Every structure is written in structure tokens, then in C-alpha cells.
Protein chains: 2
Amino acid sequence: MAESWSVLDTFEPNFRPLVVIELAKGTKEETVQWFTKRIVDKKANGGAQLLVKPLVMENGGENIYLVGASHLRLLLGAESVGLVKECNDNSMRTFTYSSRKTFKDFADDNHNFLTMAECQYIIKHELENLRAKDEKMIPGYPQAKLYPGKSVVRRLLTSGILVQIFPLHDREELKKLRHSWYGRVKVGYQPLDEIRCYFGETIALYFGFLEYFTFALIPMAVIGIPYYVFAWEDYDKYVMFATFNLLWSTVILEVWKRICAIMTYRWGTLLMKRQFEEPRPGFHGVLGINPITGREEPVYSSIRRQIRIYLVSLPFVCLCLYFSLYVMMIYFDLEQWALDYHEENESNFSSLMLFVPSIIYAVVIEIMNRIYRYAAEFLTSWENHRLESSYQNHLILKVLVFNFLNCFASLFYIAFVLFDMKLLRQSLATLLITSQILNQFAESLLPYWLQKRHKKRMKKRMCSLKTDTDLSLVEQVNLEKEMGTYFGTFDDYLELFLQFGYVSLFSCVYPLAAVFAVLNNITEIYSDALKMCRVYKRPFAEPTANIGVWQLAFETMSVISVVTNCILIGMSPQVNTLFPDSKMDLILTVALVEHLLLAIKFIMAFVIPDKPRDIQIKLAKLEFESLEALKQQQMKLAAESLKE
Amino acid sequence: MAESWSVLDTFEPNFRPLVVIELAKGTKEETVQWFTKRIVDKKANGGAQLLVKPLVMENGGENIYLVGASHLRLLLGAESVGLVKECNDNSMRTFTYSSRKTFKDFADDNHNFLTMAECQYIIKHELENLRAKDEKMIPGYPQAKLYPGKSVVRRLLTSGILVQIFPLHDREELKKLRHSWYGRVKVGYQPLDEIRCYFGETIALYFGFLEYFTFALIPMAVIGIPYYVFAWEDYDKYVMFATFNLLWSTVILEVWKRICAIMTYRWGTLLMKRQFEEPRPGFHGVLGINPITGREEPVYSSIRRQIRIYLVSLPFVCLCLYFSLYVMMIYFDLEQWALDYHEENESNFSSLMLFVPSIIYAVVIEIMNRIYRYAAEFLTSWENHRLESSYQNHLILKVLVFNFLNCFASLFYIAFVLFDMKLLRQSLATLLITSQILNQFAESLLPYWLQKRHKKRMKKRMCSLKTDTDLSLVEQVNLEKEMGTYFGTFDDYLELFLQFGYVSLFSCVYPLAAVFAVLNNITEIYSDALKMCRVYKRPFAEPTANIGVWQLAFETMSVISVVTNCILIGMSPQVNTLFPDSKMDLILTVALVEHLLLAIKFIMAFVIPDKPRDIQIKLAKLEFESLEALKQQQMKLAAESLKE
């Protein structure tokens, strides 16, 4: 096993390439030797005990390596990452090698017990946990310092020797998945379990949420259509629609938690223990003692980070927010100008011109959001967070606040300062539709088109001699390594979050928003699926049990929407006619109703259990069993101790 | 060991009585034999392996038994309840017998390693976990059915054979504790660690909270005094006071979580694993299979419980609420009558009469609260909850809602319907002071006086022949078994909760409330201490890590108080003069300020970490170590498996 890496071109029947490692061109031979040696070395010697094969390219370059592992090694890896699988009695349990026979579909010769995505996740985990022993630096690169316990792969990545690591696509599986996902036109659910098998839980959960959210919006859309068509603006119908929307948005967010628990229980991630979090790759500092692990590793004082956050990042974010408001004021000037122009000219062209400022503003908003995104990433990475989770939280907070203001400030201004409901409706429609079109284009269609062009060129160049359409491994690797990298579900969730804002914040003014959201999401499912399958490199599977901070973000949005909708209703002429004598009574009533709705919201969130009863029972059963096992063990010990 | 229970009067040097068991008079000999046999029987035979001695009474009655345990047995018990103790390296770890040498102050002959309260908790745990094997009933009592796995002690209790189980006081320790707690008049903190050693964590945490809360109220009281004395009712000072109160109440509740974490970390309960919850003693149902444990035990359908809750309990609670409001209206009639009387007569007597309705109403409220409490307990127990925690939650919810309405409805009515600030101030003062006096009297002084009279009578009867003042064991047991039982911290927290309501809900109207609360709490500490040490039986220690649902209750109260204070400020004449032209602007401003304050509250609660940084690091360190140990174990296994 240990020498397989040097037996270069020998045919190995058991070697199934799973992960691709691309080293920088011209990496020193010494470094390559050392790195591959560390990867194949025995666990006992501090290696990862995986299999490595160089990929022989036509031009003779040897900077690409394929990594695989023996079946046994993968099973042991599954135990060390804490994978949860289904047992013969249909319960979900943490996989251990010693209890392997009790798991469903396990057989010593069944190499499909672990899905390919799981195998790739295990290999990634093992590679990342390959740690320096007594090396002081990476051989051949004295400037790339190492210290005992430092992840070798992370150092190789940060010093640019390792270009990228990515998992290979399985072309057969992908074909099947594509067919059942978006290959034929059909009405039905997405094959979430297959998506999860192929792309892992994080991505499957995003598509699950997208689908759920689309279905959840349908009642709002269906109820909204007659309001728009018949222009029902009677007081009673109007208030009913808004109240329904507010309660509905609470219910769907609570029910999502339950559905999410059902899915992640089935996938095993609900039960997976959190692993100890290592410092993120970009983290740097002077060597010191980590108070938690007692190991020597880079330490960065929390006070200096706080200073960076509060004295640089916070003012910068505020400046950006101010700039965004400034742009908004320019938009209103433009709007006024277009209105004046229309009043002067009164032509078809001038009435079309009325929409131009909104469209320009929507495009500017999208551009600003994207530029700010880069700034936020740079700043958050400069804040030097030790953990990936803390980095993500600070990034998400920065981006959310800005995007929220950038997208909704003009609407708030129109609604609560200008009191112009007609303009609000028009701006809302323009913003929503423009941003949806822009997003669909920028996110999927453009990359797809670029990718297709690139692929054609590649094929022409490489397969000019061959006739079969099936790609060889070398071609596949070459094609995939040039594909774009999928940077996670952040942007996708953000888009949904903003859409939820458009739909719920001003739902009683523009009931058609939900209709557009539903239409957009249906195409979004297809374009996102296309993006995952054809445009990007296969991403590593990431086990997750929920949508994390996004749940909180959506819930906060639904609280804000209670406030805005109550104010909008209070401002509507229909409601105002009910209180002809006293504005005061009107405002008091609105405030009272708002507080009642908020109270109902919180009580509902409290009363609806986060997990369905049968999942609760299954979890309690597992907990009971582990406590019982512990007790048995203690009893045995006690009996022995008391015998003396 | 096994025969010690029958060797009746032999002197045993190692036997230290810890817990007293009182059986019903005339319990059949057969039953006593069987029960004591089960208690002393070996663990391997399903016994508890404890020591039992009958207490020989003067009148020859033999229905009282003393339970103790060997030192080794207690150490093994400490492991099985999952006790957390301090190690030699000052970290807190779960105690295991095999790692006993690493714990601070451990020595094989040091019998003070476990505190007496811990020993008693262990014995209680072992007795409660004494389970039926193949007995179909309690020998001698065919109507008291048993099934395998049923807790014997619980069946004995519910069938009335076992009268009570209680832990013995340690007169020496108690004397020391009393001295340092309230023996001398001094300014300083309570000896919380000693209270915890003697009474356990739940009670120590209550006293810790009481002390913390009193200190936290001092700033409010100090700032409140000049407002009252100089009648500062300028707009700016007024609003500042209310804003300070609102933010302060958020801060103190957040900081309490941190202080609580520090204390419970030191006490080990923060790290203690939750034990699997057995059905509560009163739970009954038909025998069925528990889906979680797979054991045969009583099962009661959740739907029938829901029906009882929603069709009986809920209407009953609503009826009580209605009745409480009805009583309130009578109070307002009385109030009106007193006012009329005063206007007619204008004498000293008639001006005194003005306070009479409030005092009567305060007394009636207290009486209604107490009667309702019994009804709520009866109803909740009739709802037949399976778990003690679910029973407690439903009981607390019922009691809180009623007490809140009963105590505060009249104040809300006066403030927001009558708009009579003078009456509000007067009612608030009367209610607060009367309820405090009533509580202090009913809770501590009355029982203390009764107890003292009883003790004197007992002493006269029993020690008429003896001259020494020290009580013998027999006398001690006889005295303690007649003492009242302390039913937990529920009433004490409830009192603090209502007090918090009086202080915070209308703080800007009556700044002196905090002063009265502080004064009351200082005497409350003493009277509660007296109650614990002299009036009640020693309670069993209960490990807890926080004040549980009360944290939520206090936080909810502080949210409600933001709303009420904002409205009160908006209604004040000082603020009204600022908006002479438009009531509408005033209301809008108030609503805006209220929303801002609520938002600040939530952000503060989110930003302030629940645990101090050093506790976080300690917890992370422990988690890291256990993950590390697991990994080591897996690595070893992996290395072995891969060797083949």
C-alpha cells in the first residue's frame, strides 16, 4: 500500500479516483515527494494512509494528482468524521467500524455503502487533518513555516504550492441526477435524497428550502391575484389579506424547522456531533499557546480584533450605508425629473421613461451589492477571525445589513416619508422584477454560456484525434479543473432573503409580489440545478443539520414586516375613513393591533414544537440507549468494586 | 453487610445516618422485611446496596428507619448520578471511581470528599432507582401492583405505605451555617458556597438570585429617591429615569446569566449531564410499551391529555381570570365609595378610610392567589403529565398568568382606562407594601412561631428526665419528622417575579417602589434563611444549572414594562406640553421610541454573551479533551484494523 504512489503507471484495479489535487506548475520534486509520502504514509506514522496517483498529461506536466482510498480506509474514516447511517432496524446511528454489520446495506464487498460524496468528504477531512510532525517548514520552501500540529494542506494552500483540491464528478451518476432533477418537464418534487447523495447536505438543504419556500408562497400568490385583478381595496378584504400574510409567514418559518428536522434526521446530520473547530486557513498571528487545546499555534489577541471591528469595519459599513442613502436620493431626483418630463411631453415614450429611473436604480443596487460584497469579504478576512463560523457570522451580518438598506431604503422612504402608495407599488414591482432578471442572468445563464463555449474550445483542442464522445479521465479532470468554483449557498440564500423582504414587507400594497416570487423560484430551481450540474466544479459535501443563521434572518424579516404592514394599513384611505373624527384613535388602534400580532407571533413560535413528535421520540430513544449503556457499564464496575 | 438491618441495636461505628424513611404505622412485617431486604441487597441482585437501621422509639413503634451507605458505595453512587467535582488541576470533571485519585481533596479515608447533601442526594437517587424485578405487587399489599422496572419507592409512596423520606439535618454544620448566614448583623454577601454545600444548588441559586437582584435594584432605588423627595417631574429627568430603568432591567437579566454560569461552573452543575427523566410519581395510565425505552410502563394518550388541557383547564383558568376582574370591579366600587365618604366627612378617619379599599383588595388578592394555586396544582396533576418537568411548566404557566392578571389588572385599569396617576401611585404603594408584609408574615414568621411552640411542647414531653440540651438522634428524628416540608423555590421566585413587576411596570410613576423592594429583599434574605434553617425539614439537594423558566418569565416582564413605561411617559402632562398642537405626533413619537427601545433590548440580549469568556474557554477545553480522547481511541482502532 505504502509504495503505491511511486509505482506510477501501473494499472490498479482497486483505485477509484475521488479527489483531484492540483499543485502549482514547477513545484519542486522534493516537495512533491514529501507531500505524497505524507498522504500515503501509515496512520501510525502520522500519515493519512490514502492512495495517490499522478495524472499523466499529454504535455508531460505532472502537477495533477488523483487521490483515492481503500474501502477499509474509507470505513474507518467514516467513523472518525462521525458519519450517521441507517441501521437494519431503521434507526439512525453513528457509524463505527466495529458495529458495521448492524448497518443497512452493509456488506464487506459492497463498495456503495458510502456514497461517493461521503467518500470525498472523508478524504477531504483526512487531508485537512494531515498535520506537521517535526517539520519546521515545507521541504523545498523555507519561507513556508510549519509547527507541530499545523495542517499541512492548509499551509500548502496559503503558500500557493497547492492550487486547488476538488472532488471529481461521477459522470454516470450526474447524468441520472440531471435527468430526474430537471431533465424532463414534470410537475413534482425535486429528488432531494439523490441531490443529497451527490452534492451533500448543505446544498440539498438549500434546494429543499427553495422548494418549500416556493410551495409556501403559493397560497399568498393565489390569494393575491384576485386582490390585484379586481382591485379589492375594501377595508375588510384588505386587512384580512395582510393578517393572513403575517400569520402565514410565521407558520411557514416554524413549519420549515420541522420539515428540516425530518430531512436531516433521514440524512443523519441531525444526530451528527459537532467536530472541534480548527482555525480557518486564512487565520494568522504570532505563535502562542491556545488556552483550549494547550497546543502551540498562532494566537491573535481578541482586543486587537475588536479594535479592527469597531474602529474600521463599523465606520466603513456606516459610510457605505450613507453612500447607499445618497444614491437613493439621486434616484428620487431622477424620478422627479422623469415625472416632470412626462407631464411636459405626455407621449408613449415619456410614459415609458417613467420606468427608467427605477430600472437604473435596480441595476445600480445590484452592482453596489456586489461591490460591497467584495469589500465585506476583504474586511472580514482582515479582521482575522480564528474560526470559520465566526468569520461567516460577521460576513453575513455585514452583508445583510447593507443589502437590506440598499434594497429597501427607497421603498421605506416612499412609503413612510412621501406617503405615495402608487409610486411604492411601481417601485416595488420594478425593483423585484429587475433584480430577479439580473440575478437569473448573472448567476446561471452567463456562466453556463461561458462554460459551454470553453468546453467546446477544449474539446476541439483535445479530442481532435478521437471520435468517441465519452471523455477519458484525463479529459474529465482537465475540463473540471477549469470550471468555476461554487462558493457556497450564501448568495442563493441572500437572494431568497431579499425576495422574502419584497414579498412580506409591503405585501398589503402589492399582492402580486408573491406571484412573481413563485414564478421566479420555479425557474430558479431549474437554473440553480443547471448551475450545480453543468457550470461549477463539484463542491465538497458539507454535513449540516439546519440552514443556520438564515433561519434567524428570515424570522427577523417577518417581525419587521408585521410593523411595516400595520403602518401601511393604518395609512390606507380605507382604514382612515373608519376613524373620520380622530387620527389619534386610528394610531392607537394600529399600535394595539401591531402589539397583538407580535405577541401572537411569539406565542406561535413558542407553541409550535421545532421537531415533529416522532423525531423527538427517536432522538429521546437514542439518548436513552446511550445513557442506559453508560449505566450498565457503571453497574458492572460498581459490582466489581463492591465485591472486594 | 447484608444482615446489618436485622442486627437491631448493635453499635456500628461506620454507620452514619443520612436519610430517614417513615413507614405508615402498622405496616405489615412482611412488607418491611421485603423492603429493607431490597435496600441492602447487592447491586448484582437488583438491590440498592445501602445500609438500613431501624430507629428504636420509646413507645416501641418501629416505623422509622435510618438509611446510610458505606464510603465506597457513595463514591460509586456519585459516579452513577454524574457528579462533577474539582480536580487537582482546578478543572471541573465528571467524577468516576477509576479516576478518583485525580480529584482535589480525595483520599480513601477522607469521608468529607462528598458533602452530606451530596451523599443524601445519592441515596435518594439510589432509592428512587430501586426497581421491581419480577414482583407483581408489594408483598402484603396485593392492591399495590408492580411491574418490572417500576420504582419501588414511588409505588410505596403512592400507596401510602411509605409516609415520607427526608434527609437528616447535621446540627453542627447547621449551627455554623446559621452563624455565618444570619447569626450576626453584618454587611456582606451570603455564604453561597456553604449554603450550596448544605442545601444543594437549587436553593443556593435562589438565594444567589435574591441577593443579586437586591444589589441590582439598589441603583434604581438610589436614583429613585431624589425623584420622590424633590418631586422631579421635569420632562428630561423623568424620561431619563424611565430609560435608565428599562435598559438597566435588560442588563441585569443578561448579567445574571453570566453570574449564574460562574457559580454553577464552580459548583459543577453547569457541566452535569441531564439524566434520563423517569415518569413522575403521580403519573398513571394503562400498561403499554413506552416507544422510547421499549419497556412496559403506564401509557396515557397525549390526545386525552390535550383534551383535558384545552377543554377543562383552559376554560377554568379563563373563568378564574374573569372572576379576578370581577373582584377588581368591586374594588373600584369600594374605592369610589370611600372617596365619596371622604368628601362628605373630611375627617382624619375618613382620609384613613381612603386606604382601606386598597388594603382589603391587597389582602383579597393574596388570598385569591393562594386558593388559585391549589386549584392549579390539582388541575395540573389531573392533566396527568408524564414528566415532572412538563408538569412544572404547565403549573408555572397557569399560576403566572393568573397572578399577573390578579396583581396588575387593577393597576393597568387605573393607568390606561381611568388615567388617574395619583390613584395609580397610591394603589401601587398599597399593593406592594401590603403584599410584602403579608408574604413575610405568612411565609416565615408564622411557621417559625408554630414550629417554636411545637418544639417546646416536644421538648417538655420528651426531655423531662434529661438535663443536657443536646438532642439525641431519636429526639432529632422525632422533631424533624414533624417539621413542615419545603415545597421548592416556586413561591419564592413567584414573589420576586411579582415584585419585579411592581418595580418595573410602572417605575416612572412611583420611583420609590425600588426602595421598598430593596428593603423587603434584605429582610426577605433573613426570613427565608430562617425558614430554611429552622422551620422546614431539610430538603433534598437538587443539582441545577440555572433558574430555568423564571429567566424567561423575568425577561417577558421586562419586555412588557418597556411598553407600559412608554405609554405612561406618553400620557404624562410634562410630555404632553411638548406637543401642544398635535396628539398624533406625540403618539407617533412614543411608538417610535418604544420600538427603538425594544430593538435595543433585543440587540443587547443578543450581543451580551451568556457565559463569561473564561467559562467559555474552560467548557471548550473540556469538549476538546473529550473529542481528543475519542479520536485517540479511534486512531488506535484504525491502526489495528489497517495492520492486517
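A residue is called buried when its relative accessible area is under 20%, exposed when over 50%, and partly exposed in between, using a 1.4 Å probe and protein chains only. With that in hand, welcome to this predicted model, in which local features need pLDDT of at least 70, side-chain atom pairs count only at pLDDT 80 or more, and totals for chains, interfaces and linings use all residues. Residues are numbered from 1 along each chain as its sequence is written, chains are lettered from A and ligands numbered from 1 in the order in which they are written, and side-chain values use heavy atoms, with hydrogens and water left out.

Let us start with B:Asp170, which is buried because its relative accessible area is 18%. Its side chain meets that of B:Arg16 in a salt bridge, 3.9 Å from N to O; the term stands for a side-chain nitrogen of Lys or Arg within 4 Å of a carboxyl oxygen of Asp or Glu. This pair ties together distant parts of the chain, 154 residues apart: B:Asp170 sits in the loop between β8 (162-167) and α5 (171-183) of chain B, and B:Arg16 in the segment before β1 (19-23) of chain B. B:Arg16 has a relative accessible area of 38%, so it is partly exposed. The helices here (H or I, at least four residues) and strands (E, at least two) are DSSP runs, numbered from the N terminus.

From there, step into β1(B) itself. Of its 5 residues, 5 are buried. In a regular strand, side chains alternate between the two faces of the sheet. In β1(B), B:Val19, B:Ile21 and B:Leu23 are buried on one side, and B:Val20 and B:Glu22 are buried on the other. Which strands does β1(B) pair with? It runs antiparallel to strand β3 (residues 64-68) of chain B, joined by 4 bridges, and antiparallel to β8(B), joined by 5 bridges. Strands count as paired if DSSP finds at least two bridges between them. B:Val20 stands opposite B:Leu66 in β3(B), while B:Val19 has B:Pro167 as its bridge partner in β8(B).

B:Glu625 is partly exposed at 30% relative accessibility, and B:Arg93 is partly exposed at 24%.

Another salt bridge stays inside one helix. The side chains of B:Arg370 and B:Glu366 meet at 3.9 Å, N to O, and both residues lie in helix α11 (residues 356-382) of chain B, 4 residues apart, or about one turn of the helix. B:Arg370 is partly exposed at 38%, whereas B:Glu366 is buried at 10%. In chain A, salt bridges that share partners join A:Lys85, A:Glu118, A:Arg196 and A:Glu201 into one network.

Next comes a hairpin. In chain A, strands β9 (residues 286-289) and β10 (residues 296-299) pair in the antiparallel sense over 4 bridges, and A:Gly288 has A:Glu297 as its bridge partner in β10(A). There are 6 residues between the strands, and A:Gly294 takes a positive phi near 75 degrees in this hairpin. In chain B, the loop between β9 (286-289) and β10 (296-299) holds B:Arg295, a residue that is partly exposed at 23% relative accessibility. Setting aside neighbours within four places in sequence, B:Arg295 has contacts that include A:Phe624 and A:Glu628 of chain A and B:Glu278 of chain B, where contact means heavy atoms within 4.5 Å.

Helix α14 (residues 473-481) of chain B has 7 of its 9 residues buried, so it is largely enclosed by the rest of the structure.

To finish, look at the surface of chain A. There, A:Ile303, A:Ile307, A:Tyr310, A:Leu311, A:Val312, A:Leu314, A:Phe378 and A:Trp382 form a nonpolar patch with about 830 Å² of accessible area together. Two elements give two or more residues to the patch, namely α9 (302-345) and α11 (356-382) of chain A. The largest share, 6 residues, comes from α9(A). Patches are made of residues with over 30% relative accessible area and no salt bridge, with like charges joined within 9 Å and nonpolar side chains (Val, Leu, Ile, Met, Phe, Trp, Tyr) within 5 Å; accessible areas come from the Shrake-Rupley method with a 1.4 Å probe, and for residues only the protein chains shown count as cover. A:Leu311 lies in helix α9 of chain A, and at 61% relative accessibility A:Leu311 counts as exposed.
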